[in-house]
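Please open the model in a viewer and keep the sequence panel beside it.

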Amino acid sequence: MDTDQPSAVRPAAAAPLAALPPTERRNPASLELDRLDTRAILELINDQDATVPAVVRGALPELTELTELALRTLRAGGRVHYFGAGTGGRLALGDAVELGPTYGVGTEQVVGHLAGGARAGAVAREDAEDHAPDPDEPHPPVRGDLVIGVTASGRTPYVIGALRAARAVGAATALLSSDPHAAAADFADLHVLLDTGPEVVTGSTRMKAGTAQKLALNAFSTALMVRSGRTWSNLMVAASARNAKLHARAVRTLVTACQVTEQEARDCLERCAAETATALVVLSCGCSVEQARAALARSQGHPWAAVRELTGAAG
């Protein structure tokens, strides 16, 4: 079917409206989007996606500050909370949930809050973002916690309400948004700006804005976990090996890190109740399970520090 239309009836590019966040403005590069063939559409999307990593790179100073703030929060016994709606909220919730199988971290340290509740992760509840969070929802922020709002537009009422409530109880606040003039920034101690600009399809923030949020959240939480001692070199050691995939990964980790056989790694994991970090300390130091657990507790979970203490190694 020929979709060409006379230029006189093609929609004209609207002038950018200063009142709109960048993600809601029209992208000049995609004004002829509906006239392109499939390959051209994909190339256009890919070209726009290629701009996102540089945006995240530009936000690394603020991401560094946010990670250090989160690290201080966890070390002081506080928790890190994500609050978001729509795409940003689902990405943030997923990031929080994935810290469990990857690093053994649950809601005692990182909590994801999604407008509409966890069920909105599978079935969109876009109306829920128009209201502040329910103060009775599980795991509310308290004094000493850190609350991170995630919203592309920077003006989602759910996120603004969460940041406002966090300040009221004495929690630190931060914002990830794609708007340099985000209204929610008024309630944040730190604004991590991911200015990805207009989307290929106007307002479809699951595209560039969502990609930037995903990259930023992954970088933030991974750096936070590494700085919290939940890796040995670049190996996962903090998650319990409670399913077949995680058990196999834990065995490989111990074989690689401790230069033992697979059978020795499996036997040690069994003695350590599938606690990979404990097994690593036992195999590295030749100590008992109880000694390894005690050393890990004294080192706040840092395997390298626990091994150094038990072996008397310097540096």
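A residue is called buried when its relative accessible area is under 20%, exposed when that area is over 50%, and partly exposed in between, as judged with a 1.4 Å probe on protein chains only. This is a predicted model, in which local features need pLDDT of at least 70 and side-chain atom pairs count only at pLDDT 80 or more, while totals for chains, interfaces and linings use all residues. Residues are numbered from 1 along each chain as its sequence is written, and side-chain values use heavy atoms, with hydrogens and water left out.

**First stop: the cysteines**

Select C258, which is buried with a relative accessible area of 15%. A disulfide is taken here as a pair of cysteine sulfur atoms within 2.5 Å, and by this rule the count is zero disulfides. C258 is in no disulfide, and the nearest cysteine sulfur, that of C268, is 7.8 Å away. Next, select C272, which is likewise in no disulfide; its nearest cysteine sulfur, that of C268, is 4.0 Å away. C272 is buried, at a relative accessible area of 0%.

**Second stop: the aromatic pairs**

Rings of Phe, Tyr and Trp (its six-membered ring) pair if their centres lie within 6.5 Å; planes under 30 degrees apart count as stacked, over 60 as edge-to-face and the rest as tilted. The structure holds three aromatic pairs. Select Y82 and F220: the ring centres are 6.3 Å apart and the planes stand at 65°, so this pair is edge-to-face. Helices (H or I, at least four residues) and strands (E, at least two) are DSSP runs, numbered from the N terminus. Y82 belongs to strand 1 (residues 80-84) and F220 to helix 6 (residues 208-227), so the pair ties together parts that are 138 residues apart in sequence. Y82 is buried, with a relative accessible area of 1%, and F220 is buried at 4%.

Now select F83 and Y158, an aromatic pair that is tilted, with 6.0 Å from centre to centre and 50° between the planes. F83 lies in strand 1 and Y158 in helix 5 (residues 157-169), so this pair ties together parts 75 residues apart in sequence. F83 is buried at 3% relative accessibility, and Y158 is buried at 3%.

Select T67 in helix 3 (residues 60-75). T67 is buried, with a relative accessible area of 9%. Leaving aside neighbours within four places in sequence, T67 is in contact with F220, A223 and L224.

Move to S30, in the segment before helix 1 (38-49). S30 is buried, with a relative accessible area of 8%. Apart from neighbours within four places in sequence, S30 is in contact with L44, E199 and V200. From S30 to R298, the C-alpha to C-alpha distance is 57 Å, and the two are 268 residues apart in sequence.

Which residues of helix 10 (residues 289-298) are buried? They are V289, A292, A295 and L296. Viewed down the axis of helix 10, these residues fall within an arc of 130°, so they line one face of the helix; the arc is that of the directions from the helix axis to the C-beta atoms. On the other side of helix 10, E290, A297 and R298 are exposed. The cover over the buried residues of helix 10 includes helix 8 (262-271), helix 9 (276-285) and helix 11 (303-311). After helix 10 comes Q300, whose phi is positive, near 55°.

Select A273, in the loop between helix 8 and helix 9. A273 has a positive phi of about 55° although it is not a glycine, and it is partly exposed, with a relative accessible area of 40%. Then select S233, in the loop between strand 6 (231-232) and strand 7 (235-236). S233 is not a glycine either, yet has a positive phi of about 60°. S233 is exposed, with a relative accessible area of 66%.

**Last stop: the cavity**

On a 1 Å grid over the protein atoms alone, a cavity is a set of points where a 1.4 Å probe fits but cannot get out, and lining residues have an atom within 4 Å of a point. Grid points are joined across faces, edges and corners, and a volume is the space filled by probe spheres set on the points. By this rule there is one cavity of 30 Å³ or more. The largest cavity holds about 80 Å³ of space. To display its lining, select P101, M236, A239, S240, A241, L246, R249, A250, T253 and T276. Helix 7 (residues 244-258) gives the largest share of the lining of the largest cavity, four residues.

Notes
Contact = heavy atoms within 4.5 Å. 1 Å grid on protein atoms, 1.4 Å probe; cavity = no way out; pocket = protein on both sides within 12 Å on 5 of 7 lines; lining within 4 Å.
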